[in-house]
Amino acid sequence: MIIDEIPDTWTNDQKEVYEIYSKYVSKGDDSEVIAEFEELLTRWLKESQIKIVSWNCNGKFREKFKEIIEEEADIYVIQECEDPAQSTDEDYREFAGENYLWTGHLHYKGLGIFAREDIKLEKLESNGEFEHFIPVRVNDTFNMLGVWAMPKYVEMIHDFFDANEELFDENLIMCGDFNSSVVFNYHHPKSKNHTVLNEKLESKNLFSVYHAMTEDEQGSEKEMTFFQSRHLNYSFHMDLVYAAKNVVKEFNILDHFKWITVSDHLPIAFVIE
């Protein structure tokens with residue numbers, strides 16, 4: 001089990017154990033000892049990973065959160081969810097706890113980021129009046145930007161980027177409902193369409209994880225994330241994750257047969273180290 005890159009979250013003691021293990025492997029020493037090391041390292045690697053789920057729940061998240069938590073994510077980025085602070089649903093407030101961030105002008109439909117109690121969320125300052133964007137520092141190790149693009153959709157994301165360009169670098173993970181695709185370029189000015197947004201993000205070393213992993217062309221995706229009016233034959237790929245190359249280790253769009261009964265959008269689950 002040779003690791004390409006030791007996780008930044010490992011302590012000096014963990015790194016030292018890995019160095020000892022590497023020496024055993026290089027010498028071809030006792031396989032039982034190596035097996036014990038590998039069991040320990042596997043557990044440490046799993047503990048160093050963070051699983052994130054991004055999902056537009058299509059409203060009434062208080063009635064749906066019990067289904068999405070079956071994914072056992074560490075962080076949930078949820079679009080169209082209620083403000084827990086104003087909810088009368090005790091189970092929903094208990095799910096949210098105190099380790100969450102929420103924004104929106106309607107208490108029953110906004111953008112929320114919910115995290116395990118042991119994960120540190122620190123809201124980052126941003127410029128401009130952008131209600132459905134949440135920039136946050138996670139565990140003092142990376143930045144995340146939760147997005148729910150409202151009308152004028154991709155143009156709003158351009159405006160946020162232009163006002164907060166300093167937030168966009170290879171240490172950022174950007175995810176959410178972009179409500180955008182190159183197939184809708186003709187709806188927007190050429191300077192603010194999806195193709196140009198993609199170019200802006202790539203200039204900051206941020207790439208669409210789905211497209212990088214599948215090699216699908218933008219606008220010709222084999223997997224869709226949004227099913228208008230929940231019709232399987234009227235679908236688009238518009239829920240996205242952008243990150244630097246090799247940051248995301250696993251990426252899945254969850255099964256549409258299950259989730260189409262719950263929302264018009266499919267959840268996206270991904271793992272980072």
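The model is predicted, so local features need pLDDT of at least 70 and side-chain atom pairs count only at pLDDT 80 or more, whereas totals for chains, interfaces and linings use all residues. Residues are numbered from 1 along each chain as its sequence is written, and side-chain values use heavy atoms, with hydrogens and water left out.

An open sheet contains 6 strands in the order β5-β6-β7-β8-β12-β9, and its pairing is mixed. Strands here are DSSP runs (E, at least two residues), numbered from the N terminus. Two strands pair if DSSP finds at least two bridges between them. β5 (121-123) and β9 (207-208) stand at the edges. Each has a single partner strand, so one side of each lacks a neighbour in the sheet. Strand β7 (residues 142-148) runs parallel to β8, and 6 bridges join them. Leu145 stands opposite Met174 in this pairing. On strand β8 (residues 172-177), strand β12 (residues 239-243) pairs in the antiparallel sense over 4 bridges. There, Gly176 stands opposite Leu240. How many residues of β8 are buried? The count is 6 of the 6, so β8 is largely enclosed by the rest of the structure. Buried means under 20% relative accessible area, exposed over 50%, and partly exposed in between (1.4 Å probe, protein chains only).

In soluble globular proteins, nonpolar side chains tend to be buried together. A nonpolar core is a set of buried Ala, Val, Leu, Ile, Met, Phe, Trp, Tyr and Cys residues joined through side-chain atoms within 4.5 Å. The largest nonpolar core holds 49 residues. Trp55, Phe61, Ile75, Val138, Met144, Phe251 and Phe270 touch the most other members. Strand β2 (residues 75-81) gives the largest share of this core, 5 residues. Apart from this core lies another, of 20 residues, with Leu145, Leu167, Met174 and Leu201 among them. Val138 touches Ile50, Ile75, Ile119, Lys120, Leu121 and Met144, not counting residues up to four places away in sequence. Contact means heavy atoms within 4.5 Å.

Asn56 lies in strand β1 (residues 50-56) and has a relative accessible area of 0%. Glu80 is found in strand β2 and counts as buried at 12% relative accessibility. Which side chains make polar contacts with Asn56? A polar contact of 3.1 Å joins the side chains of Asn56 and Glu80, and one of 2.9 Å joins those of Asn56 and Asp177. A polar contact is a pair of N or O atoms within 3.5 Å; within protein, one must be able to donate a hydrogen and the other to accept it, and residues adjacent in sequence count only if both atoms are side-chain atoms. Leaving aside neighbours within four places in sequence, Asn56 is in contact with residues including Trp148, Asp239 and His265.

The aromatic pairs number 22. Rings of Phe, Tyr and Trp (its six-membered ring) pair if their centres lie within 6.5 Å; planes under 30 degrees apart count as stacked, over 60 as edge-to-face and the rest as tilted. The ring centres of Phe61 and Phe65 are 6.4 Å apart and their planes are at 65°, so this pair is edge-to-face. Phe61 is buried at 0% relative accessibility, and Phe65 is buried at 4%. Ring pairs link Trp55, Phe61, Phe65, Tyr76, Tyr92, Phe95, Tyr100, Phe114 and Trp259 into a cluster.
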